[in-house]
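Reader: I'd like to go through this model with you and ask what stands behind the labels. Could you put it up?

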Amino acid sequence: MRNILNINSDWMLSTEKRADNKSVHKRILPLNKEDEYCYYLELLGASSSMEVFMNQEKIGTHNGIYTLYRIDVTDYIVNGDNELDIVCDGEVPCLDASLIIVGKYHFSLDHFGDAGLTVIPQEISSSSASIRILASAKDLPEDAMISYTVLTTTGTMLANKSVPATTPEYICRLTNPCLWNGKTSPKLYMVVAGLIVNDTIEDQIVLPFGLRNLKMESGSDITVNGLCIPENDLVHILESDPFVYDDMDEDGTFACVELKELCNLSTDEADCKNLLTEYVLQNAYHPSILCWKLPEEHADFATLLRELDSTRPVLF
């Protein structure tokens, strides 16, 4: 099972001078490294441009303050003290820094910073719901299994199934579901995915989600479960902290994610595509997000957004 260590404290702003005027932030990580585990560094809300060094070796770069960045550091850390350096534009290295420790067999942690689990509502009505659930993992034994359990937020089990990890998709069908309906009824569910190897749960993910029937009407109006939500009634937002969207899910806020600033932070077309992919995949499970909004000058990326998330409209 995974262990997540908060490493936000004890950062030191280096007095070293750099020709590019960027800040160097240092932290010593004392670790009891064990060979049977993998180690991932996770940084959330870092500066617009960041380089990561472990024990004075450059191991990664990332652009953009709005997306989570995760990197496998297993081969770069040692048993004992490790020096982590983050070179960035800001005075504070990141909003949140964690070290994720997982066993050899684990759900994917290196796919655009997403959870390793996707939940896609497909056919939703007040009488029935079809939900596509898919976890990702690699380098597993042939007999590995993935278990899925769908629950209410109070812990009542609604559905449960185990599938081979080689064919990890599960189509869950619920009858008479409680729909997420904004502030009227911000009902949420949870899915728990477990990775099973040799009858042992090696890793587990818990992801909340909501069910709502989302459609695009004429112009830029959106309907949620048949109720028209004018664009002017949406909260227009671009948030780096996913806990803000968690709160919006729970209190029933209708949100339109404005992607202009994220696009403007990109260095080129490839970087813009990467940032958009990260942002959509990391946040698509939030029912409060009703639509993505691109600036007109980046309208060509609408096809990408629709490929990444077929459940939401793209506005301009």
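Predicted model: local features only at pLDDT ≥ 70, side-chain atom pairs only at ≥ 80, totals over all residues.

Reader: Where does aspartate 221 lie?

Author: Aspartate 221 sits in the loop between strand 17 (214-216) and strand 18 (222-224). Residues are numbered from 1 along each chain as its sequence is written, and side-chain values use heavy atoms, leaving out hydrogens and water.

Reader: Why is aspartate 221 called partly exposed?

Author: Buried means under 20% relative accessible area, exposed means over 50%, and partly exposed is what falls in between (1.4 Å probe, protein chains only). Aspartate 221 has 26%, so it is partly exposed.

Reader: What is aspartate 221 in contact with, leaving aside its neighbours within four places in sequence?

Author: Contact means heavy atoms within 4.5 Å. By that rule, aspartate 221 is in contact with Lys215, Met216, Cys228, Ile229, Pro230 and Glu231. Glutamate 231 is ten residues from aspartate 221 in sequence, and their C-alpha atoms are 5.7 Å apart in space.

Reader: What makes the pair of tryptophan 180 and phenylalanine 254 edge-to-face?

Author: Rings of Phe, Tyr and Trp (its six-membered ring) pair if their centres lie within 6.5 Å; planes under 30 degrees apart are stacked, over 60 edge-to-face, and the rest tilted. The count comes to four aromatic pairs by this rule. For tryptophan 180 and phenylalanine 254, the centres are 5.8 Å apart and the planes stand at 75 degrees, so the pair is edge-to-face. Tryptophan 180 and phenylalanine 254 are both buried.

Reader: And why do tyrosine 279 and tryptophan 292 get the edge-to-face label?

Author: Their ring centres are 6.4 Å apart, within the pairing limit, and their planes are at 85 degrees, so this pair is edge-to-face. Tyrosine 279 belongs to helix 3 (residues 269-283) and tryptophan 292 to strand 22 (residues 289-293), 13 residues apart.

Reader: How do you know that tyrosine 279 and tryptophan 292 are buried?

Author: Tyrosine 279 has 0% relative accessibility, so it counts as buried. Tryptophan 292 also comes out as buried, at 0%.

Reader: What makes up the largest nonpolar core?

Author: A nonpolar core is a set of buried Ala, Val, Leu, Ile, Met, Phe, Trp, Tyr and Cys residues joined through side-chain atoms within 4.5 Å. The largest has 30 residues, and Leu117, Ile133, Tyr148 and Leu211 have the most contacts inside it. Among the elements that give two or more residues to this core are strand 10 (117-124), strand 11 (128-135) and strand 12 (145-152). Strand 15 gives the most, with five residues. There is also a second, separate core of 23 residues, which includes Leu259, Leu275, Tyr279 and Ile289.

Reader: Why are asparagine 176 and aspartate 199 called exposed?

Author: Asparagine 176 has 58% relative accessibility, so it counts as exposed. Aspartate 199 has a relative accessible area of 79%, so the label is exposed there too.

Reader: Why is serine 98 counted as buried?

Author: Serine 98 has 7% relative accessibility, under the 20% limit, so it is buried. Serine 98 lies in strand 9 (residues 96-103), and among the residues it touches are Ile4, Tyr40 and Glu42.

Technical notes: Helix = DSSP H or I, 4+ residues; strand = E, 2+ residues; numbered from the N terminus.
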